Amino acid sequence: MAICARPIDAFTKAGRGAKLHSMRQDPNDTPLPTADSYLADRCLPADASSIAEAARILRAGGLVAFPTETVYGLGADATSDIAVAKIYAAKGRPAFNPLIAHVEDLAAARQQGIFTSEAEALAKAFWPGPLTLVLPIAPTGNVCALARAGLDSVALRVPAHETTRRLLAATGLPIAAPSANISGHVSPVTAAHVAEDLDGRVDLILDAGPCPVGVESTIISCLKNGPTLLRPGGISREAIEAVLGRKLADHAGGKAVLAPGQLASHYAPRASLRLAATSLEPGEAGLDFGGRFPKAANVLDLSPRGDTTEAAANLFSHLRVLDARGFATIAVAPIPSTGLGEAINDRLKRAAAERPGAQ
Ligand code: TXA
Ligand code: MG
């Protein structure tokens, strides 16, 4: 029996149940499995045998949570409407939000989407890596309609993480995978985060430790109007513009829900966030950047040295830790919008948004 690596204390036998109970809103939820049954059955360190097991589950239409370099994904066979429906059900995700299909390499991506020369240049520069391209569907494409939310375009990504690559090779299928959290929650960057949200709703969690990038992929649409930034993410705008040799258009926020997080309060923690805070108010937790707040138990610094790449890697973990401590408000220090700062500020803005129906 394999034991899951334990990236945070939520996985200690004493701590996990209590932590999970404290995250649940509905006291009438079905009882939690014991730590032992969970550790034995549902979460395995990523190695040759667990990856083979994960591939078997995916080919049979099941759900597997797996690490990528950005965040953990909740994967299913992207060619099967029935398998993809399980993703929407597990996440409680609105069905109009299309999913990214993860593929092994550029050749596999060309089977699914029609590349313009600019899309090709971006793929060559940034794949494998945290870039997603939205392309018109190719005649040979087999990503199912549900994964595309009925659109005639498809979102494609070739991930760089060793485990994801081995899983894609073993499965031989495009894998549809949103972030492995309940819809609207903070994205998971460890296997423990996945378990907090999705335990009991997924057939297997592969654990390969924390995700190195820590924010989701940058999404660029390469449809009729030329390259357009739909979501800032793990590859900076500057890096993409350098390859294109011109400025990227920004998505105008039109009527169709094509970009992520256009739903209010995407990525939301329970605490409310006070952004661009230059000092801490009494009783607040602090999410610091560059050592602006005084060092204290209620303060976590995303990057004491002021580096946006390091801050991105820490963003979702630090938010979860502070949120779990029960503060009503988390004050967030100003973060520059350069490099991955644009993606960080985008996530923070959504996390701070009013929640529909919130008290
Ligand atoms: O880093 C990532 O991108 C992670 C890992 C698991 O790969 N995945 C991820 O997926 O963040 P998700 O589902 O949380 O965000 C994907 C977003 C969707 O919200 C959707 O708006 C956009 O991609 N998308 C997918 N297909 C699209 C399409 N055909 N047109 C426009 N946007 C699309
Ligand atoms: Mg997500």
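Two residues are in contact if their C-beta atoms, placed from the backbone, lie within 7 Å. I also keep in mind that helices (H or I, at least four residues) and strands (E, at least two) are DSSP runs, numbered from the N terminus.

**Entry 1: ground rules.** I am looking at a predicted model, where local features need pLDDT of at least 70, side-chain atom pairs count only at pLDDT 80 or more, and totals for chains, interfaces and linings use all residues. Residues are numbered from 1 along each chain as its sequence is written, while chains are lettered from A and ligands numbered from 1 in the order in which they are written.

Entry 2: I started with helix α8 (residues 191–198), which lies across β1, β2 (64–66), β3 (73–77) and β8 (204–207). Its direction is at about 160 degrees to β8; axes here are lines fitted to C-alpha atoms, for helices over the stretch in contact, and angles run from 0 to 180 degrees between N-to-C directions. Next I traced the open sheet, whose eleven strands follow the order β1-β8-β2-β3-β7-β4-β6-β5-β9-β10-β11 with mixed pairing. Two strands pair if DSSP finds at least two bridges between them. At the edges I found β1 (43–45) and β11 (249–250), each pairing on one side only. Helix α6 (residues 117–126) packs on this sheet too, touching β5 (131–136) and β9, with about 155 degrees between its direction and that of β5.

I then looked at one pair of strands. β9 (residues 218–221) and β10 (residues 228–231) are antiparallel and share three bridges. S221 has T228 of β10 opposite it.

**Entry 3: the sheet of four strands.** Which strands make up the parallel open sheet? I read the order as β12-β15-β13-β14. β12 (272–274) and β14 (299–301) are the edge strands, each pairing on one side only. From one strand to the next, the twist averages 20 degrees.

β12 runs parallel to β15 (residues 329–332), joined by three bridges, and R274 stands opposite A331 in β15. Three bridges also link β13 with β15 in the parallel sense, and another three join β13 to β14, again parallel. I followed L287 both ways: its bridge partner in β15 is V332, and in β14 it is L300.

**Entry 4: two helix pairs.** I moved on to α10 (residues 308–324) and α11 (residues 341–352), whose axes come within 9 Å and cross at roughly 35 degrees. T308, A311, A312 and L315 of α10 meet G341, A343, I344 and R347 of α11. I sorted these residues into five nonpolar, two polar and one charged: Ala, Val, Leu, Ile, Met, Phe, Trp, Tyr, Cys and Pro count as nonpolar, Asp, Glu, Lys and Arg as charged, and the others, Gly among them, as polar.

My last stop was α3 (residues 48–59) with α7 (residues 162–171), packed at about 50 degrees with axes 9 Å apart. The two helices are therefore oblique to each other (angles under 35 degrees count as roughly parallel, over 145 as roughly antiparallel, 65 to 115 as roughly perpendicular and the rest as oblique). I noted I51, A52, A54, A55, L58 and R59 of α3 against T163, R166, L167, A170 and T171 of α7.
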